[in-house]
Amino acid sequence: MADLVLTEAEQAADSYLAWDDAALGKLVRHLSQMCADEYGATGAHTTMAAHLLVDLARRSNAESATIDLNGASAGGKPIGDWQIRITRK
């Protein structure tokens, strides 16, 4: 597995967006290998999306969060309204 070694500045940053490209590349490689499973990229994408949603709730100091996607579209075609709930067990 790729090692994720961060500088003090990267560790202290409020956002991944403050990291340089090399550090972001290391993060992507690390998370991809950490989340790899029998489903390949699809499973990794689902797992990483879930981790991002959990982090959204955690950073808000919330036990749960709800995201409403009204009028969502995929590939330029409407797919309806969706609601995503994130809840700590």
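User: Why is arginine 58 called partly exposed?

Analyst: Arginine 58 has a relative accessible area of 47%. Buried means under 20% relative accessible area, exposed means over 50%, and partly exposed is in between, using a 1.4 Å probe and protein chains only. So 47% lands arginine 58 in the partly exposed class. One heads-up: this is a predicted model, where local features need pLDDT of at least 70, side-chain atom pairs count only at pLDDT 80 or more, and totals for chains, interfaces and linings use all residues. Also, residues are numbered from 1 along each chain as its sequence is written, and side-chain values use heavy atoms, with hydrogens and water left out.

User: And what makes aspartate 55 buried?

Analyst: Its relative accessible area is 17%. That is under 20%, so aspartate 55 counts as buried.

User: How do you know that arginine 58 and aspartate 55 form a salt bridge?

Analyst: A salt bridge is a side-chain nitrogen of Lys or Arg within 4 Å of a carboxyl oxygen of Asp or Glu. Here the N to O distance is 2.5 Å, so the pair passes the rule. The two residues sit three apart in helix 3, which means about one helical turn separates them.

User: What makes arginine 59 a salt-bridge partner of aspartate 55 too?

Analyst: Their closest N and O atoms are 2.7 Å apart, and that is within 4 Å, so this pair counts as well. Arginine 59 and aspartate 55 are four residues apart, both in helix 3.

User: Which salt bridge does glutamate 63 make?

Analyst: Glutamate 63 pairs with arginine 88, at 3.1 Å from N to O. Glutamate 63 lies in the loop between helix 3 and strand 1, and arginine 88 in the segment after strand 2 (77–87), so the pair ties together parts 25 residues apart in sequence. Both of these residues are exposed. As for the other bridges, shared partners join Asp55, Arg58 and Arg59 into one network. The count comes to three salt bridges.
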